[in-house]
Amino acid sequence: TSQTRADWATGAVTLVSRECLKQVGPWDETFFLYSEETDFELRAGDAGFRLAFADVNVVHLGGESRVRPELWALLRANRVRLYAMRHSRALATLFWAAILVGDILRALPNRTPIHRAAIEKLLRERQALVAGQPARLP
C-alpha cells in the first residue's frame, strides 16, 4: 500500500474492510452509478478510517459516461447532490452553478450531446440537487 493520503478515489476497484463496512454502513445506492464510492469514502473518513492505495493492475471495462449523455448528466447531478449533502444550501447552489458553467463552456465549441444533457438535467433538477435529494434516474 501507498502512504499517499486522499479523502476519496474512484470506485472502479475498491476493497473495504469488514470493520469499516460494519461501522460506516453500506454504499448509498440512491446515487446509482456515480458518487456512491465518494460518499462512502467520505463517510469512512468521518468515522476515522483512512484510504490507502495499493499497487495493483486492474482493467476497468466501464467508461460509458463519456459517450452516453444520460449517464454523463447523472454523473454531474450526483456530484452536485453529494456536495449539497455535506455543505450549506448557499454553497451547494454556488457549486451547482460552477458545474453548470463548466458544462456550458464545454458544450460551446463542439455541441456534444453529453454536455447538453448535463445542462438540461442540472437546470431541471436544481432545487432537488442543491437540497441533497437524489437525481432522477435516466
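Predicted model: local features only at pLDDT ≥ 70, side-chain atom pairs only at ≥ 80, totals over all residues.
The length of α5 can be checked. The helix runs over residues 113-124, which makes twelve residues. At 1.5 Å a residue, α5 should span 16 Å. Its end C-alpha atoms are 16 Å apart, so the two values agree.

## Helix α3

Helix α3 has 18 residues. From first C-alpha to last, α3 reaches 27 Å, close to the 26 Å expected at 1.5 Å a residue.

## Asn 78, a residue of α3

Asn 78 is found in helix α3. Is Asn 78 buried or exposed? Its relative accessibility is 0%, and buried means under 20%, so Asn 78 counts as buried.

Where does its side chain reach? The side chain of Asn 78 meets the backbone oxygen of Tyr 34 at 2.9 Å. Leaving aside residues up to four places away in sequence, Asn 78 touches Phe 31, Phe 32, Tyr 34, Ser 35 and Ala 135.

## The largest nonpolar core

In soluble globular proteins, nonpolar side chains tend to be buried together. The largest nonpolar core here has 22 residues. Which of them touch the most other members? They are Val 80, Trp 96, Leu 122 and Leu 129. Two or more residues come from each of α3, α4, α5 and α6. Helix α3 gives the most, with eight residues.

Take Leu 129 as an example. Not counting residues up to four places away in sequence, Leu 129 touches Ala 77, Val 80, Arg 81, Ala 84, Leu 122 and Ala 135.

## Two aromatic pairs

The structure holds two aromatic pairs. One joins Trp 27 and Phe 40. Their ring centres are 6.1 Å apart and their planes meet at 35 degrees, so this pair is tilted. The pair links distant parts of the chain. Trp 27 sits in the loop between α1 (18-24) and α2 (36-46), while Phe 40 is in helix α2, 13 residues apart. Trp 27 is partly exposed because its relative accessibility is 28%. Phe 40 is buried, with a relative accessible area of 2%.

The other pair is Tyr 83 and Phe 95. Here the ring centres are 4.2 Å apart and the planes are at 5 degrees, so the pair is stacked. This pair also links distant parts of the chain: Tyr 83 is in helix α3 and Phe 95 in helix α4, twelve residues apart. Phe 95, at 24%, counts as partly exposed.

## Arginines over rings

Two arginines lie over ring faces. Arg 81 is over the face of Phe 31, at 4.2 Å from the ring centre. Arg 126 is over the face of Trp 96, at 5.6 Å from the ring centre.

Trp 96 is among the core residues that touch the most other members.

Methods. Residues numbered from 1 in each chain as written. Heavy atoms only, no water. Helix = DSSP H or I, 4+ residues; strand = E, 2+ residues; numbered from the N terminus. Expected span 1.5 Å × (residues − 1). Phe/Tyr/Trp six-rings, centres within 6.5 Å; stacked < 30°, edge-to-face > 60°. Buried < 20%, exposed > 50% of the residue type's maximum accessible area, 1.4 Å probe, protein only. Lys NZ or Arg CZ within 6 Å of the ring centre and 35° of its normal. Polar contact = N/O pair within 3.5 Å; in protein donor to acceptor, adjacent residues only side chain to side chain. Contact = heavy atoms within 4.5 Å. Core = buried A, V, L, I, M, F, W, Y, C linked by side-chain atoms within 4.5 Å.
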